[in-house]
Amino acid sequence: QVQLVESGGGLVQAGGSLRLSCAASGRYTMGWFRQAPGKEREFVAAIRWITVTTATTYYADSVKGRFTISRDNNKITLHMNSLKPEDTAVYYCAARVGGSPTENDYDYWGQGTQVTVSS
């Protein structure tokens, strides 16, 4: 069983920045998803190991150019810049062994952390 420990999130004004982090043991494809009230959970960003030292990143169109996902050993960080009110949601860290990095069927999920962007 993989335990995902999330940190970060909070309240920020539009145009501001936040950082989310997630730690997991093992070499997994890891991603971030979010779910706003009344909406389905959606893909935000993911990172997948290609070799021991290189990885490929994936982003939803809605966050490209504003969010960056990075990895340091078993910890991933989502750097969120130029935040908008529509980025408000509960953000979930997830990990998977195989399969598509952008699909919602990850194997393991964190408990979620709230991000609120005020206008």
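User: At what distance from the ring centre does Arg 96 lie over the face of Tyr 106?
Analyst: The model is predicted, so local features need pLDDT of at least 70 and side-chain atom pairs count only at pLDDT 80 or more, whereas totals for chains, interfaces and linings use all residues. Residues are numbered from 1 along each chain as its sequence is written, and side-chain values use heavy atoms, with hydrogens and water left out. A charge sits over a ring if NZ of Lys or CZ of Arg is within 6 Å of the ring centre and within 35 degrees of the ring normal. For Arg 96 over the face of Tyr 106, the distance to the ring centre is 4.8 Å.

User: Which residue forms a salt bridge with Arg 96?
Analyst: A salt bridge requires a side-chain nitrogen of Lys or Arg within 4 Å of a carboxyl oxygen of Asp or Glu. Arg 96 has such a contact, with N and O 2.9 Å apart. The partner of Arg 96 is Asp 105.

User: Is Arg 96 buried or exposed?
Analyst: Buried means under 20% relative accessible area, exposed over 50%, and partly exposed in between (1.4 Å probe, protein chains only). Asp 105, the salt-bridge partner, is partly exposed at 48%. Arg 96 has a relative accessible area of 5%, and is therefore buried.

User: How many salt bridges does a search of the whole structure find?
Analyst: Besides the pair of Asp 105 and Arg 96, Lys 64 meets Asp 61 at 3.3 Å, N to O. Asp 61 counts as exposed, with 64% relative accessibility. For the whole structure the search gives a total of five.

User: How far apart are the closest N and O atoms of Glu 42 and Arg 34?
Analyst: Arg 34 and Glu 42 belong to a salt-bridge network that also includes Arg 66 and Asp 87. Within this pair, Arg 34 is buried at 6%, whereas Glu 42 is partly exposed at 37%. The closest N and O atoms of Glu 42 and Arg 34 are separated by 2.6 Å.

User: Which residue forms an edge-to-face aromatic pair with Phe 33?
Analyst: Rings of Phe, Tyr and Trp (its six-membered ring) pair if their centres lie within 6.5 Å; planes under 30 degrees apart count as stacked, over 60 as edge-to-face and the rest as tilted. A search of the whole structure finds five such pairs. The ring of Phe 33 has its partner at 5.2 Å centre to centre, with 75° between the planes. That partner is Tyr 106.

User: How many residues apart in sequence are the parts tied together by Phe 33 and Tyr 106?
Analyst: Strands (E, at least two residues) and helices (H or I, at least four) are DSSP runs, numbered from the N terminus. Phe 33 is buried at 1%, and Tyr 106 is buried at 6%. Phe 33 lies in strand β4 and Tyr 106 in the loop between β9 and β10, so the parts tied together are apart by 73 residues.

User: Over the ring of which residue does the charged end of Arg 41 sit?
Analyst: The ring in question belongs to an aromatic cluster that includes Phe 33, Phe 43 and Tyr 106. The charged end of Arg 41 is 3.7 Å from the centre of this ring. The residue is Trp 109.

User: How many residues apart are Cys 22 and Cys 93?
Analyst: A disulfide is a pair of cysteine sulfur atoms within 2.5 Å, and the search of the whole structure finds one. Cys 22 and Cys 93 form it, with sulfur atoms 2.0 Å apart, and the link is left-handed at -80° about the S-S bond. Cys 22 lies in strand β3 (residues 18-23) and Cys 93 in strand β9 (residues 89-96), a separation of 71 residues.

User: Which residue in β3 stands opposite Ser 7?
Analyst: Strands β1 and β3 run antiparallel and are joined by four bridges. Opposite Ser 7, the residue in β3 is Ser 21.

Key: Two strands pair if DSSP finds at least two bridges between them.
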